[in-house]
Amino acid sequence: MLAALGPNHRHRQDHTMTERLKEINIEVFRYLPEHDDEPHFETYKVPFADNTSVLEGLQYIKDHLDGSLAFRWSCRMAICGSCGKMVNGAPQLSCRTFLRDYYPGKVRIEPLDHFPVERDLIVDQSDFLRKLEGIKPYLHSVKPRAIADGPHHQTPAELAEYEQFSQCINCLLCYAACPQYGLDNEFTGPGVLALLHRYNADSRDAAKAERMQVVNAEQGVWGCTLVGYCSEVCPKGVDPALAVNRNKICSTKDYFLRFLTPRGTRV
Amino acid sequence: MTRRKPYVRSMDRWWLRNSFFTRYMIREATSVFLGLYTIVLLIGLVALSLGEASYERWLATMAHPAFIGFHIVVLAAACYHTYTWFGVSPKAMPSVRIGNAPLTPALIIRGQYLALAIITLVVLVAVASGET
Ligand code: SF4
Ligand code: FES
């Protein structure tokens with residue numbers, strides 16, 4: 001059984017040999033579009049050690065109990081953002097959530113809320129990706145810089161304005177935490193708005209006016225009612241609710257300044 | 001032909017699925033009580049403008065146990081609303097720095113309670129000195 005836990009565990013065999021592995025019930029959301037009309041749950045008994053993540057639990061199921069189970073993952077270290085799942089109803093990165101914390105209870109794993117389910121734990125992310133592209137998530141220089149110009153310096157205070165928002169790994173946990181997105185997926189949503197703010201708040205960027213159109217839209221920041229759960233679940237310490245609500249202020253300013261500034265000079 | 005058949009889950013009773021959402025809905029619902037309270041207060045103001053007799057009648061109505069109960073409920077709702085709103089308000093503020101240090105959420109929250117305490121005290125003192 002130990003070897004069955006996979007290569008990650010093999011080098012720890014000596015150590016774990018002395019511990020008896022416990023077993024936990026993992027209840028998994030299953031949906032196979034080729035023969036299911038409705039999803040259902042299946043329960044699997046999975047052995048685990050203290051350091052077995054929920055993701056490793058799923059990998060155990062796929063390797064030893066049911067090879068048809070589909071789910072996404074890549075880095076196993078909370079940086080690629082692809083392993084998000086609902087774990088007992090809360091959005092989590094499954095690689096950084098541990099089975100020991102749910103024992104002796106059971107673990108219930110579902111695909112991230114508020115997204116259409118393609119198959120088992122895999123959701124369709126295309127809506128998010130389309131919105132992400134729409135905000136031009138990269139720096140637009142004020143004027144083209146030559147290599148000879150050297151790096152574009154920023155003060156620590158300028159860096160602090162956007163630094164936390166640049167930590168986003170596009171894991172979509174905040175979307176699964178946002179009932180407004182679940183109720184109406186026209187809403188741009190927390191993650192994309194946080195990234196939008198990451199560029200708008202950067203002193204080196206010059207595309208703010210363009211991105212403000214996304215902010216000001218009905219589906220932009222005004223779709224948010226400050227539930228605030230997005231900021232709770234973010235695994236990277238980004239505060240999407242802060243970014244969104246700060247932009248409500250920017251959007252209001254933008255609206256009133258429009259009447260005060262002559263055409264063509266708006267920022 | 002595509003074999004894709006994306007399954008969309010229902011949002012039915014979403015506010016009961018997670019205690020965070022339930023608390024959020026309670027926060028939103030408390031504003032209904034605050035709204036009702038302002039209406040009652042507004043009626044009181046109208047009564048005051050109509051003269052002493054009508055104001056006395058409004059005061060007598062307010063002394064009815066049902067209205068006392070109503071005020072207790074409203075007070076509880078207002079406290080909960082204040083507590084939750086103070087908690088989220090740092091998110092609804094522009095970025096403020098004092099010198100090189102950012103104004104932290106904890107400081108903003110404490111500042112609001114301080115302002116609340118001072119205003120309450122001023123009002124209480126004004127009312128007490130008005131009565132004597
Ligand atoms: S803001 Fe946080 S929760 Fe949302 S996608 Fe980025 S890293 Fe994930
Ligand atoms: S597998 Fe990369 S974040 Fe979890």
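**A tour of chain B**

Select chain B and switch to a cartoon view: there are four helices and two strands (DSSP runs, H or I of at least four residues for helices and E of at least two for strands, numbered from the N terminus). From the N terminus on, their order is α-α-α-β-β-α. This is a predicted model, where local features need pLDDT of at least 70, side-chain atom pairs count only at pLDDT 80 or more, and totals for chains, interfaces and linings use all residues. Residues are numbered from 1 along each chain as its sequence is written, chains are lettered from A and ligands numbered from 1 in the order in which they are written, and side-chain values use heavy atoms, leaving out hydrogens and water.

Next, select Arg9(B), in the segment before H1. Is Arg9(B) buried or exposed? Arg9(B) is buried, at 18% relative accessible area (buried means under 20%, exposed over 50%, partly exposed in between, with a 1.4 Å probe and protein chains only). Now show chain A too: the Arg9(B) side chain has a polar atom 2.9 Å from the backbone oxygen of Pro111(A).

Last stop: pick Val32(B), in helix H1. With 55% relative accessibility, Val32(B) counts as exposed.

Conventions:
A polar contact is a pair of N or O atoms within 3.5 Å; within protein, one must be able to donate a hydrogen and the other to accept it, and residues adjacent in sequence count only if both atoms are side-chain atoms.
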